[in-house]
Protein chains: 2
Amino acid sequence: MTIENTAVRRTPFRYDASMAMFDRALAVIPSGVPGHLGPTEGCFVPQSAYPRFSDRAEGTRFWDLDGNCYIDYMCGYGPNVLGYRDPDVDAAVAAQAAKEDVVSLPSSIMVEFAELLVDTVASADWAFFAKNGGDTTTLAIMTARAATMRKKIVFVKGFYHGVSPWTQKLDYPGVLEEDVANNLYVPFNDLAALRKLLSENSGEIAALIAQPYMHGNFVDNELPADGYWQAVRALCDQYGVVLIVDDVRAGFRLDMAGSDHYFGFQADLICFCKALANGYNVSALCGRDSLKSTVSSLTYTGSYWMSAVPFAAGIATITKLAEIDAPARFAQLGTELTTGLVQAAADNGFHLVTSGAPALFYLRLADDDSLMLHQEWIAECVQRGVYFSSHHNHFMNAAMTRADITETVEIAHEAFAVLRSRHG
Amino acid sequence: MTIENTAVRRTPFRYDASMAMFDRALAVIPSGVPGHLGPTEGCFVPQSAYPRFSDRAEGTRFWDLDGNCYIDYMCGYGPNVLGYRDPDVDAAVAAQAAKEDVVSLPSSIMVEFAELLVDTVASADWAFFAKNGGDTTTLAIMTARAATMRKKIVFVKGFYHGVSPWTQKLDYPGVLEEDVANNLYVPFNDLAALRKLLSENSGEIAALIAQPYMHGNFVDNELPADGYWQAVRALCDQYGVVLIVDDVRAGFRLDMAGSDHYFGFQADLICFCKALANGYNVSALCGRDSLKSTVSSLTYTGSYWMSAVPFAAGIATITKLAEIDAPARFAQLGTELTTGLVQAAADNGFHLVTSGAPALFYLRLADDDSLMLHQEWIAECVQRGVYFSSHHNHFMNAAMTRADITETVEIAHEAFAVLRSRHG
């Protein structure tokens with residue numbers, strides 16, 4: 001699609017109500033808005049281009065505290081997989097909430113959800129439920145250590161597995177050398193480095209934990225090389241290493257059977273969270289029978305881990321995602337969108353690079369080592385109603401339509417036109 | 001209240017549907033029902049006396065999968081503080097859910113909830129929200145370490161602070177010596193031991209973390225000795241140690257201003273979870289201004305940590321608890337209940353010992369070192385519709401009425417009568 005040189009017709013948004021509320025937030029919350037939804041995490045620049053608070057959301061869009069409306073490609077940083085306030089999920093939630101949620105015994109709906117995951121996910125013989133993605137990565141590590149009686153864990157450089165101290169770096173505040181004493185690191189797609197590490201630490205490595213592909217921040221996202229995962233699987237078998245896939249971000253977006261299945265291998269343990277229940281709070285560790293009794297032997301529990309309502313949401317979400325073949329839809333519409341964005345850039349003399357899976361596309365302007373031009377373009381998009389992140393992957397959701405894509409490309413085009421007129 | 005020798009008129013419950021569902025659960029979930037709601041954790045004996053799944057809940061009661069109804073003194077192990085499906089909380093939830101829940105930006109209701117906690121909790125100058133109680137104890141430890149640049153943590157023996165490896169014991173599966181290398185332990189109410197420990201490790205201790213009183217399992221619960229907390233506070237100040245109160249279990253049950261306020265001292269950091277939102281999934285770390293910027297410096301976030309619906313539930317819960325002065329009600333009705341239970345025991349020739357705060361009363365039969373008689377009595381209560389735990393503290397909730405108490409004492413009396421007739 002080629003769009004004629006669009007007149008710049010949209011007025012950039014103002015965030016007065018957001019900023020006033022942010023001042024209130026700073027008084028009572030560390031950082032005002034902490035963590036990945038906050039302005040201090042770094043993927044969210046220039047900060048002045050972004051609102052701070054949402055007020056309502058529906059389908060593909062949210063409205064901020066000043067009433068500005070956005071087509072949202074961050075999707076709550078992942079949980080919004082069917083569209084905000086999906087009517088089917090919310091109906092299942094209402095039905096369950098009318099019965100019970102957190103009680104002194106679990107609801108049998110927990111069993112139904114586990115059965116559904118075992119039927120859906122190729123590497124799942126069982127499911128264990130918690131609240132955070134990080135609850136499941138920590139459980140996976142503890143399981144691997146208990147099963148192998150070994151200590152060391154192999155990480156793939158550029159990883160993100162939550163915020164427990166063992167997942168952080170030694171120079172991060174509050175992290176001790178003991179927390180990361182058993183962490184080893186290899187580059188992604190580097191089998192020679194992995195072979196060397198495994199050989200040098202033979203008999204000492206409990207697990208390798210990795211995302212299914214590298215969807216890190218501030219870097220082009222990188223898919224596995226042909227044969228990479230099959231070789232990793234074989235090496236893990238050879239050295240008795242538990243292979244843990246952290247599918248918290250990509251899970252159910254590439255393949256309903258798991259991202260390991262998508263890339264043609266089988267994990268021993270697989271971590272799910274974000275896309276599991278369309279925003280209702282639940283995470284799951286799934287895995288193979290050989291590790292089930294080890295999980296049973298661990299002390300691992302939490303106050304809300306058997307909330308019935310999120311299980312109902314999870315059943316409705318996974319069922320609907322499978323029915324509509326959401327992964328195929330994400331790939332199709334994600335490709336249409338990124339193709340349109342690249343064309344909008346080219347129409348204005350820019351070179352936009354997309355990377356990663358189209359369902360979780362990452363954007364970068366080429367020939368922009370300082371990142372300033374890219375951030376400027378993102379800022380013009382956000383302030384016209386397309387909620388992109390500057391240096392984080394994006395997320396498609398199942399409510400997206402061609403009309404959303406067309407409007408997004410139109411706004412992106414206009415944002416590029418602003419840049420062209422500004423920089424000549 | 002003295003009850004005449006009651007005829008044993010209730011037929012013990014059957015759990016056929018529960019047990020059939022438990023078999024299904026065992027096929028797809030490690031341990032079937034894992035963790036503290038499951039039968040393998042130990043506070044839940046004899047296992048045959050307990051159902052496995054709940055089906056619906058309302059007010060003070062839940063109904064299991066076989067249709068048996070229970071007056072519930074476990075309250076979801078804490079979250080049920082106002083009564084199941086409290087109409088005021090659920091109305092606030094419905095209003096928020098119609099707007100948004102998990103979005104790419106937080107709702108401003110997060111700020112309102114933080115403001116309410118700062119207004120309510122004496123030691124709270126700010127609030128940071130997460131999902132698990134354990135998220136907040138880990139954040140508290142990391143904050144103390146970052147603020148003091150020290151490693152060691154003092155624990156009070158018999159503690160429970162969640163399931164992160166650093167909170168566990170070295171002989172627990174999946175836990176490494178590195179995880180607990182900086183943990184020191186002192187007995188509760190033992191100032192001499194604490195003084196010695198602080199002196200021997202002067203300049204090396206980042207924090208002391210403790211529950212406001214010892215509400216452990218399998219032991220009589222123990223309140224602080226007069227002056228204990230004031231002395232601990234002074235020692236922490238003297239040695240530059242951050243004083244962390246884990247109020248996950250007792251919070252808002254003893255005092256709306258925090259259990260540190262109840263016992264007449266001020267924590268530096270205080271952890272809340274269970275009673276915060278009547279079962280909706282949210283936890284909070286609160287603390288003093290001096291530590292706010294340290295919290296801001298940490299990397300700490302999660303996918304669902306800014307869900308708007310649990311914040312709405314939290315505001316409704318804390319507001320209502322304060323309006324009805326729930327802590328006073330818990331103390332009053334808890335005392336009436338335990339007095340009635342002790343009398344029911346005495347009427348049948350048994351000596352029942354109650355300990356801990358009446359809001360979270362703990363039960364034990366005296367002269368029963370094997371615990372078998374106590375477990376037998378609990379079993380007869382559970383199977384007649386009073387949901388007690390064998391060796392865990394109980395929880396009052398604000399929906400409880402004198403009629404519930406009377407019915408509970410009646411059933412307890414009948415259960416003692418069964419024991420008396422069985423053992424002569």
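Modeller: At the start of helix 5 of chain A, a side-chain oxygen of A:Asp190 comes to within 3.4 Å of the backbone nitrogen of A:Ala192. Helices here are DSSP runs of H or I with at least four residues, strands are E runs of at least two, and both are numbered from the N terminus. It's a predicted model: local features need pLDDT of at least 70, and side-chain atom pairs count only at pLDDT 80 or more, while totals for chains, interfaces and linings use all residues. Residues are numbered from 1 along each chain as its sequence is written, chains are lettered from A and ligands numbered from 1 in the order written, and side-chain values use heavy atoms, without hydrogens and water.

Biologist: Which residues are buried in helix 5 of chain A?

Modeller: A:Leu194, A:Leu197 and A:Leu198. Buried means under 20% relative accessible area, exposed over 50%, partly exposed in between (1.4 Å probe, protein chains only).

Biologist: New topic: where does A:Asp72 sit?

Modeller: In strand 3 of chain A, residues 69-72.

Biologist: What does the side chain of A:Asp72 reach?

Modeller: The backbone nitrogen of A:Cys75, at 3.3 Å. The side chains of A:Asp72 and B:Ser104 are also joined, by a polar contact of 2.7 Å. A polar contact is a pair of N or O atoms within 3.5 Å; within protein, one must be able to donate a hydrogen and the other to accept it, and residues adjacent in sequence count only if both atoms are side-chain atoms.
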